[in-house]
Amino acid sequence: MAEILNDGWFFEYFTDNAKFGIKIKEHLVNTESEFQKIDFYESYEYGRFFTLDGFIMLTERDEFIYHEMLVHVPMAVRPQTKRVLIIGGGDGGAVRELVRYIGVEHIDMVEIDRKVVDLCREYLPLTAGKLDDPRVRLFFEDGAAFVKNTTERYDLILVDSTDPIGVGEGLFSEEFYRDCYAALSEEGILINQHESPYYEGDAIEMERAHKKLSAVFPVCRVYQFHMPTYASGHWLFGFASKGVQPTAFDAQAWNALGIRTKYYNTELHKGCFALPTYVRERLEKAKG
Ligand code: SAM
């Protein structure tokens, strides 16, 4: 939930009793699609940012952290990845990072809300600017239905979704994860939005996602990154595969690609799977 005060402060409620504020210069867009409420703002500290149903999706200032960790971790594990499916990701940040790999031949992006893509192209060109890359095919439909019906086999599936409420809910179900399993090649990797361990509401979603993924994938790991504008700043992605391990990778080979990053590096890659004790314990308990 969000709140905008008369003195120009935007607040997102992280819980009923804790909120995060950004001082706004201008409210650029205030609209609604058939799926969600969409707002774009210009701010002093975080540049442009946009919200869906009042939840911050990305800000110009910190989106690099999320998108680099979403893409470069699995790409360093399997640099030979050729076919990629992105579910959600309407801002184009995941595509922008992926097209930096010349070996990636084909990217299908399935975003339910065309309006998000159109507005991101207009207001966030630095994030959305690579959506026109010839390797990218855009589909505007429900990602869960797409994965159920596809006959393609992907080397990488990125679930770059909203939280498990509203339109994003189906992307956190065991059935969806089973369909992803079927749509992945034998060496394929699934990366999913794994919520946050800190506030109780998010931690419960983290546990649910881990339990369901663990019921489907033999390899199910979680990695962390620091995201200043997401609840508590401590956020997680899930790494699932049929056998490929996330830390068995050739750091030298990735570094030789010469891809310049601001957050990701191969040392961080090894470290981000080491989780705080309370997070590890909750995940282990959830797995059962
Ligand atoms: N980085 C963001 C975050 O976690 O806050 C996610 C960004 S991205 C904008 C999320 C996108 O997922 C949204 O544009 C939303 O429309 C899309 N989405 C939600 N549910 C979906 C579904 N069932 N199928 C396809 N796209 C979906």
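Guide: The account below begins with the strands and then turns to the charged pairs. The model is predicted, so local features need pLDDT of at least 70 and side-chain atom pairs count only at pLDDT 80 or more, while totals for chains, interfaces and linings use all residues. Residues are numbered from 1 along each chain as its sequence is written, and side-chain values use heavy atoms, with hydrogens and water left out.

The open sheet is formed by six strands in the order β1-β2-β3-β4-β5-β6, with antiparallel pairing. Strands, like helices, are DSSP runs numbered from the N terminus: a strand (E) has at least two residues, a helix (H or I) at least four. Two strands pair if DSSP finds at least two bridges between them. The edges are β1 (2-4) and β6 (55-59), each of which pairs on one side only. From one strand to the next, the twist averages 40°; axes are lines fitted to C-alpha atoms, for helices over the stretch in contact, and angles run from 0 to 180 degrees between N-to-C directions. L52 stands opposite F55 in β6.

Charged side chains also connect parts of this region. A salt bridge is a side-chain nitrogen of Lys or Arg within 4 Å of a carboxyl oxygen of Asp or Glu, and the structure holds 20 salt bridges. In one of them, the side chains of K19 and E3 meet at 3.0 Å, N to O. Because K19 lies in strand β3 (residues 18-32) and E3 in strand β1, this pair ties together parts that are 16 residues apart in sequence. Both partners are partly exposed, K19 with a relative accessible area of 40% and E3 with 23%; buried means under 20% relative accessible area, exposed over 50%, and partly exposed in between (1.4 Å probe, protein chains only).

A further salt bridge joins the side chains of R61 and E45 at 2.9 Å, N to O. R61 lies in the loop between β6 and α1 (63-77), and E45 in the loop between β4 (37-43) and β5, so the pair ties together parts that are 16 residues apart in sequence. R61 is partly exposed, with a relative accessible area of 44%.
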